[in-house]
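Here is a friendly briefing on a protein model and its ligand. Have the coordinates open in your viewer, and take the topics in any order you like.

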Amino acid sequence: MPAPTVIHDRRDGYHVLTLNRPDRLNAFNDELHAALREALASCAAEDECRAVVLTGAGRGFCAGQDLSNRVNMGDERPDLGATLEANYNPLVRAIRALPKPVICAVNGVAAGAGANIALACDIVIAAKSAKFIQAFSKIGLVPDSGGTWFLPRLLGEARAKGLALTAQPLSADDAERWGLIWKVVDDADLMAEAEAQARAFADGPTAAYALTKQAIHAAGTNTLDQQLDLERDYQRQAGFSDDYKEGVAAFMEKRKPDYRKR
Ligand code: T3D
């Protein structure tokens, strides 16, 4: 049987999804897209899954689109708009909409769509040896998978344009220093750090995390007035929850809250 293109490990309270085409630095083909979509849908649907870790097998995280599927096409020109619509856009939307924290453990190079899929995750932890490359301009393309949206918001226009137009690699250390990612850790510690964070999220108030994600995403387009209204509505919803009741009770009783029974 061929190896699965995504390894889906169910742990206590969280799932680990490992992109598994290491000989191609986990570049995306249609099979990998379909497997990752299916895995993310399971993560969203299964109550026992309260956080997700996304990582890559081997020495790379993901080299973006598998370019071996884009050569030797003769006079035929692929409709890349159609592949974004079918594959990359649904993937970015699925990660952003997933009502649980998604941690990206960037174990090595993240290039092209691979870099921007990492940025679509909620918490990005990178191994020291990892690097981020907006490789698109090298092959005559524009950044996709949300790159033109994430980069200027996270870094400002100057650095976004610098990365996108030059396609120069950005080291994990610089990515952390620039505020592109949450943190960089020693290579040997990457999965332990990512899974420790996933366990902490698994023990946390999942519904509040989901609302927090949504509120921060909405802030990208809302005015302050709209955002204040949204916070009012989300806080009302959170305040009615059993998690809030448990959180306050635990604080007053000086004990750790137990959100997982709810
Ligand atoms: O097409 C559409 O649907 C539109 C959507 C596009 C989204 C995109 O992501 S476009 C951007 C595509 N990605 C790239 O342009 C990156 C291409 N890869 C690289 O530039 C380099 O491989 C890296 C900088 C990522 C890593 O370099 P290095 O020196 O560490 O590794 P390597 O030797 O180049 O790669 C190792 C192997 O992986 C190698 O195969 P081999 O020679 O051992 O048989 C290489 O060909 C393969 N590989 C790496 N990236 C890809 C790939 N094979 C197919 N597609 C790749 N993207």
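**The ligand and its surroundings**

In this predicted model, a polar side-chain atom of Arg-24 sits 3.2 Å from an oxygen atom of the ligand. That makes a polar contact, meaning a pair of N or O atoms within 3.5 Å; within protein, one must be able to donate a hydrogen and the other to accept it, and residues adjacent in sequence count only if both atoms are side-chain atoms. Residues are numbered from 1 along each chain as its sequence is written, and side-chain values use heavy atoms, with hydrogens and water left out. Local features need pLDDT of at least 70 and side-chain atom pairs count only at pLDDT 80 or more, while totals for chains, interfaces and linings use all residues.

**Around the ligand**

- An N or O atom in the side chain of Arg-59 lies 2.9 Å from an oxygen atom of the ligand, and a polar backbone atom of Ala-63 lies 2.9 Å from a ligand nitrogen.
- On its own the ligand has 1100 Å² of accessible area (Shrake-Rupley method, 1.4 Å probe; for residues, only the protein chains shown count as cover), and the protein covers 67% of it.
- Helix H2 (80–97) and strand E6 (109–111) are the elements that give two or more residues to the shell; helices (H or I, at least four residues) and strands (E, at least two) are DSSP runs, numbered from the N terminus.
- H2 supplies the largest share, four residues.
- Of the 25 residues around the ligand, the nearest are Gln-65, Leu-67, Arg-70, Thr-83 and Ala-113; here near means a heavy atom within 4 Å.

- Val-52 belongs to strand E3 (residues 52–56) and is buried, at 0% relative accessible area. Buried means under 20%, exposed over 50%, and partly exposed in between (1.4 Å probe, protein chains only).
- Not counting residues up to four places away in sequence, Val-52 touches His-15, Leu-17, Cys-43, Leu-98, Pro-101, Val-102 and Ile-103, where contact means heavy atoms within 4.5 Å.
- Asn-107, in the loop between E5 and E6, is buried with a relative accessible area of 14%.
- A polar side-chain atom of Asn-107 is 2.9 Å from the backbone oxygen of Gly-56.
- Beyond four places in sequence, the residues that Asn-107 touches include Arg-59, Phe-61, Ser-129 and Leu-190.
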